[in-house]
Amino acid sequence: MESEAIRVIKTRRSVRKFKTDPIDEAIIRDVVDCGRLAATGRNDQPWEFVVVRDASMRGRIADLTECGKFIRVAPVCIAVMCRNTKYFLEDGSAAIQNMLVAAGAHSIGTCWVAGDKKPYAPQIAALLGAPEGIRLIGLIAMGYAAEPPQMPSKRSLEEVLHWERL
Ligand SMILES: Cc1cc2nc3c(=O)[nH]c(=O)nc-3n(C[C@H](O)[C@H](O)[C@H](O)COP(=O)(O)O)c2cc1C
């Protein structure tokens with residue numbers, strides 16, 4: 001029998017059309033809790049998680065992104081920021097993926113919006129009060145889906161799985 005965790009991982013898809021209904025604070029806390037439990041290189045845990053519910057702040061963040069305008073509509077945006085450690089990008093990304101799955105387990109839709117590598121990343125980090133040296137790794141738009149997400153095709157298991165060598 002397939003576990004709930006595996007079901008959520010296999011059915012998760014990015015949601016970009018959101019209802020404006022709020023999300024319970026307990027659920028938001030649980031999602032961030034799952035983020036902070038992710039694996040990190042050397043157990044550095046270099047992250048900070050900023051939950052943005054304020055509509056005007058979400059609007060300002062949305063305006064700064066290139067492909068995250070729906071952050072204006074989604075009731076919650078979580079910014080994942082990291083200190084500049086050796087594995088900050090891997091660590092922050094692991095936390096984000098955990099949170100996408102955790103939100104899915106609560107029937108909440110998400111979309112990962114790029115942070116690090118984008119020219120707007122330092123501006124959003126500063127807007128959210130980050131001191132020098134704290135980088136924006138990514139943003140998560142979170143909310144109840146207004147319509148079923150698109151189902152982009154995935155490379156098949158047969159294509160990507162290799163035993164012993166490529
Ligand atoms: C590092 C990273 C950055 C992403 N940035 C954006 C983004 O800025 N805007 C967006 O709409 N989706 C973004 N996505 C979501 C991807 O487009 C999406 O995961 C991909 O198309 C696969 O679709 P799925 O999430 O439904 O499986 C990002 C995903 C990752 C992992």
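A: This is a predicted model.

Q: Which residue is the bridge partner of Gly-109 in β4?
A: Gly-109 has Gly-143 of β4 as its bridge partner.

Q: How many bridges join β3 to β4, and in which sense do they run?
A: Six bridges join the two strands, and β3 and β4 (residues 134-143) run antiparallel.

Q: And β2, how does it pair with β4?
A: The pairing of β2 with β4 is antiparallel and extends over eight bridges. One of the residue pairs is Met-81 with Leu-136, the latter in β4.

Q: What is the strand order in the sheet?
A: The four strands form an open sheet in the order β1-β2-β4-β3, with antiparallel pairing. Its edge strands are β1 (47-52) and β3 (109-114), each of which pairs on one side only. From one strand to the next, the twist averages 20°.

Q: How many residues of β4 are buried?
A: Ten of the ten residues of β4 are buried, so the strand is largely enclosed by the rest of the structure.

Q: Which strands does helix α2 lie across?
A: Helix α2 (residues 25-36) lies across β1 and β2 (76-83), and runs at about 160° to β1.

Q: What about α3?
A: Helix α3 (residues 55-64) lies across β1, β2 and β4, with an angle of about 115° to β1.

Q: Stepping back, how many helices and strands does the protein have?
A: There are six helices and four strands. Along the sequence they follow the pattern α-α-β-α-β-α-β-α-β-α. The radius of gyration is 16 Å, close to the 15 Å that the globule rule gives for 166 residues, so the protein is as compact as a globular protein of that length.

Q: What does the C-alpha trace span?
A: Along its principal axes, the C-alpha trace spans about 45 × 40 × 30 Å.

Q: What share of the residues is buried?
A: Buried residues account for 33% of the 166 residues. As for contacts between residues at least 6 apart in sequence, 78% join residues at least 24 apart.

Q: Changing topic, which residues surround the ligand?
A: The ligand is surrounded by Arg-13, Ser-14, Arg-16, Cys-67, Gly-68, Cys-111, Trp-112, Val-113, Ala-114 and Pro-152.

Notes. Residues numbered from 1 in each chain as written. Predicted model: local features only at pLDDT ≥ 70, side-chain atom pairs only at ≥ 80, totals over all residues. Near = placed C-beta within 6 Å. Rg over C-alpha atoms; globule rule 2.2 N^0.38 Å. Buried ≥ 20, exposed ≤ 12 C-beta atoms within 10 Å, placed from the backbone. Contact = placed C-beta atoms within 7 Å. Pairing = 2+ DSSP bridges. Axes fitted to C-alpha atoms, helices over the stretch in contact; angles between N-to-C directions.
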